[in-house]
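Here is a short briefing on one protein structure. Have the sequence and the model open as you read.

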Amino acid sequence: MTKSKRPKVVSIHSYRGGTGKSNSTANLAVTIASYGHRVAIVDTDIQSPGIHVLFGYGEENLSPCLNDYLWGRCKLSAAAHEMTHVLKGQEDKGGKVFLVPSSIKAGDIARVLREGYDVGLLNDGFQDLMEDLSLDYLLIDTHPGLNEETLLSITISDVLLLILRPDQQDFQGTAVTVDVARRLEVPKMLMMVNKAPTLFDFEQLRQKVESAYEVPVAGILPHSDDVMMLASNGVFVVNYPDHEVTQTIQAIAKQIML
């Protein structure tokens, strides 16, 4: 894979929680890095952060974090923690993984809910982060639903990956997001269906989703007991390199990199 000429911003979003968005973000970031790219994840789900768990981080490892940047305590790049160790032997390809986590301290979350923050700072921070870390890809793990932060992320994205489950509430909510993204003229949109029952006809499901939204389906991930058993205790593609879920994530990653 050749490196991007300029950093590519990828927002990963779902209309509702529980779609596996953070898990998918971590797996895609590690997969893209495994091809030799410098990748950073920013956890902008400030009200309910969690992606750090997949990298083995707890509260004691999360300083500095995104909150510190938003409150003027540091540059965003200072809150980027290197996670390249998860590549497990593939570091020689030159790939790097960084994570900017959000605080899981109750007081910090309460402050965000009470006071909010200057969303405009995020855009400035993203630009500085890409330059300071010489990134090829910036993956933004967004807050579910549509709020000011999510709209900013969508607006600056080169690629918007929308994750949904084969569920009627997800279908309706995702339609709203697709409409908003089109109005914001996102250059590239992709869909990912997650947690699809294995009894489903995946090709029929793909056609249904693509027909409903007129957006390409990059991949359909089956409901997997192996994913459930790992229980966010690590990055799935690293622990199960030959699994069908891993193969689908690799295919999605390649479509993001096109």
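**Cysteines, a buried serine, a helix and a cavity**

The count comes to 0 disulfides, a disulfide being a pair of cysteine sulfur atoms within 2.5 Å. This is a predicted model: local features need pLDDT of at least 70, side-chain atom pairs count only at pLDDT 80 or more, and totals for chains, interfaces and linings use all residues. Residues are numbered from 1 along each chain as its sequence is written, and side-chain values use heavy atoms, with hydrogens and water left out.

**Cysteines**

- The closest cysteine sulfur to that of Cys65 belongs to Cys74, and at 7.7 Å it is too far for a bond.
- Cys74 is therefore in no disulfide, with the sulfur of Cys65 7.7 Å away.
- Cys65 counts as buried, at 4% relative accessibility.
- Cys74 is partly exposed, with a relative accessible area of 21%.
- Buried means under 20% relative accessible area, exposed over 50%, and partly exposed in between (1.4 Å probe, protein chains only).

**Ser24**

- Ser24 sits in helix 1 (residues 21-34).
- Helices are DSSP runs of H or I with at least four residues, strands are runs of E with at least two, and both are numbered from the N terminus.
- Ser24 is buried, with a relative accessible area of 6%.
- A polar atom of the Ser24 side chain lies 2.8 Å from the backbone oxygen of Gly20.
- A polar contact is a pair of N or O atoms within 3.5 Å; within protein, one must be able to donate a hydrogen and the other to accept it, and residues adjacent in sequence count only if both atoms are side-chain atoms.
- Not counting residues up to four places away in sequence, Ser24 touches Ile163, Met192 and Asn194 (contact means heavy atoms within 4.5 Å).

**Helix 5**

- Buried residues in helix 5 (residues 148-155) are Glu149, Thr150, Leu152, Ser153 and Ile154.
- Their cover includes strand 1 (8-13), helix 4 (120-132), strand 5 (137-141), strand 6 (159-164) and helix 6 (168-183).
- At the start of helix 5, a side-chain oxygen of Asn147 comes within 3.2 Å of the backbone nitrogen of Glu149.

**Cavity**

- The structure holds 1 cavity of 30 Å³ or more.
- A cavity is a set of points, on a 1 Å grid over the protein atoms alone, where a 1.4 Å probe fits but cannot get out; lining residues have an atom within 4 Å of a point.
- The largest cavity has a volume of about 30 Å³, a volume being the space filled by probe spheres set on the points.
- Asn23, Leu54, Val227, Leu230, Ser232, Gly234 and Phe236 line the largest cavity.

Terms used: On a 1 Å grid over the protein atoms alone, a cavity is a set of points where a 1.4 Å probe fits but cannot get out, and a pocket is an open set with protein on both sides within 12 Å along at least five of seven lines; lining residues have an atom within 4 Å of a point.
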